[in-house]
Amino acid sequence: MSRTAPARPTACLALADGTLFYGRGFGATGRTVAELCFNTAMTGYQEIMTDPSYAGQVVTFTFPHIGNVGVNAQDDEANTPAAAGMVVKWDPTEPSNWRSTERLTEWLARNGRVAIGGIDTRRLTRAIRQQGAPHVALEYNPDGNFDIEDLVAAARGFAGLEGMDLAGEVTCAQSYRWDEMRWAWPDGYPRQEAPVHKVVAIDYGAKRNILRCLATAGADVTVLPATATAAEVLAHNPDGVFLSNGPGDPAATGQYAVPMIREVLDTTDLPVFGICLGHQMLALALGARTVKMNHGHHGANHPVKDLETGKVEITSMNHGFAVDAQTLPDGVIETHQSLFDGSNCGIRMSDRPVWSVQHHPEASPGPQDSYYLFERFAAAMAARKAEVG
């Protein structure tokens, strides 16, 4: 009986401790060096890959069916993928979805993103959980020739996300207006034609669906770069200020973001709402500290308890840093907490409409457990306008 020789690996994932995973490459050829994380979501791989919060990270998908619905322009959260690479268990299959316009493999190649399939993602996920998010080098070479020593050296040479300001790399280059609302059958994304609130959104790496949720809540949204000053924010005469999600070390981004937020808080009574990195920016501005997590939270099934109502929300999360609740100053209340590990997931000022959450209400987990946060923001802006006349 004849036997076919096993296919030679065309991709290699090298961890900084020297651990190697061989598999089949797809997407773009070449090498990428980054931090490795895992995401447990069963859907939304395109949303994840284009979420600017994943800049500087290779994403391991624990769900095996990746690529089966293809990709389409409507599901992008940014113009191009932000994640540095992709790790999956099974090779992407032919897409089977009426909205698909392109294969995942072709989309990754066109956008210069390296990917590897045929990996034991359970073993890899256990390693990440036990050892912390490792630094890795991922290479796809169709010839199957790898310089292992060089790959491991590249992984060890990665500087890591601590101390790294990535928000400045993914933010918009200039301000722009946003009026697109949430997707609705059968017309897709409608336009907000009758906004009632003016919102300035600070773009630390904003997902498009967050901006859509703001528009759906009645906001006329103006997006400003991450480096915007308080004077630039207030020049738009906003009814509220939104602080977006984003990648990197919040302490590094806070070098320029925190002074702006503090000045807005010190000179106005505007409602302020933050999500993810925006939550961490607000916490820093109020005097708290942030810490690097062992492996972070990345998934769409994270239970979070609202400490003020007792309600448990199923949330979507994507963060590798967290606010240290023990450092919250007087006048700042912890509002939400992770039921996985007890980490902080929300804060608010006790006497002002200023609050933030670590999770992503726009990502439709639950599926609508956390959408009330956008409605709360709209209500706070309406209440303030009613008071000032």
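Author: Tryptophan 98 is exposed, with a relative accessible area of 66%. The model is a predicted one.

Reader: How far apart in space are tryptophan 98 and valine 69, C-alpha to C-alpha?

Author: In sequence, tryptophan 98 and valine 69 are 29 residues apart. In space, from C-alpha to C-alpha, the separation is 8.4 Å.

Reader: Is alanine 55 buried or exposed?

Author: Alanine 55 also belongs to a loop, between helix 1 and strand 4 (57–61). Its relative accessible area is 9%. Buried means under 20%, so alanine 55 is buried.

Reader: Which residues are in contact with alanine 55, leaving aside its neighbours within four places in sequence?

Author: Contact here means heavy atoms within 4.5 Å. With the neighbours within four places in sequence left out, the residues in contact with alanine 55 are Ala82, Leu166, Val170 and Pro247.

Reader: What kind of peptide bond joins tryptophan 185 and proline 186?

Author: Proline 186 lies in the loop between strand 8 and strand 9. Omega of the bond between tryptophan 185 and proline 186 is about 0°. Most peptide bonds are trans. The bond between tryptophan 185 and proline 186 is cis.

Reader: Is asparagine 237 buried or exposed?

Author: Asparagine 237 sits in the loop between helix 7 and strand 11. Its phi is near 50°, a positive value in a residue other than glycine. The relative accessible area is 56%, and exposed means over 50%, so asparagine 237 is exposed.

Reader: And cysteine 276, is it buried or exposed?

Author: The loop between strand 12 and helix 9 holds cysteine 276. Phi of cysteine 276 is near 60°, which is positive in a residue other than glycine. With a relative accessible area of 2%, cysteine 276 is buried.

Reader: How many of the nine residues of helix 6 are buried?

Author: Helix 6 spans residues 208–216 and is mostly covered. Its buried residues are Asn209, Ile210, Leu211, Arg212, Cys213, Leu214 and Ala215.

Reader: What covers the buried residues of helix 6?

Author: The cover includes strands from several parts of the chain: strand 8 (176–178), strand 9 (197–203), strand 10 (219–225), strand 11 (240–243) and strand 12 (272–275). A helix is also included, namely helix 10 (372–388).

Reader: Which glycine follows helix 6?

Author: The glycine that follows helix 6 has a positive phi, near 100°. It is glycine 218.

Reader: Which element gives the most residues to the lining of the largest pocket?

Author: The largest pocket holds about 930 Å³ of space. Its lining has 39 residues, and the closest to the centre are Thr43, Gly44, Glu47, Asp75 and Ala363. By class, the lining divides into 14 nonpolar, 16 polar and nine charged residues. The element that gives the most, with four residues, is helix 1.

Reader: What is the volume of the second largest pocket?

Author: The second largest pocket is lined by 22 residues, with Pro52, Ala78, Asn79, Thr80 and Val170 nearest its centre. Its lining has 12 nonpolar, five polar and five charged residues. Strand 8 and helix 6 each supply at least two residues of this lining. The volume is about 390 Å³.

Definitions and conventions. Residues numbered from 1 in each chain as written. Predicted model: local features only at pLDDT ≥ 70, side-chain atom pairs only at ≥ 80, totals over all residues. Heavy atoms only, no water. Buried < 20%, exposed > 50% of the residue type's maximum accessible area, 1.4 Å probe, protein only. 1 Å grid on protein atoms, 1.4 Å probe; cavity = no way out; pocket = protein on both sides within 12 Å on 5 of 7 lines; lining within 4 Å. Points joined across faces, edges and corners; volume = space filled by probe spheres on them. Nonpolar A, V, L, I, M, F, W, Y, C, P; charged D, E, K, R; others polar.
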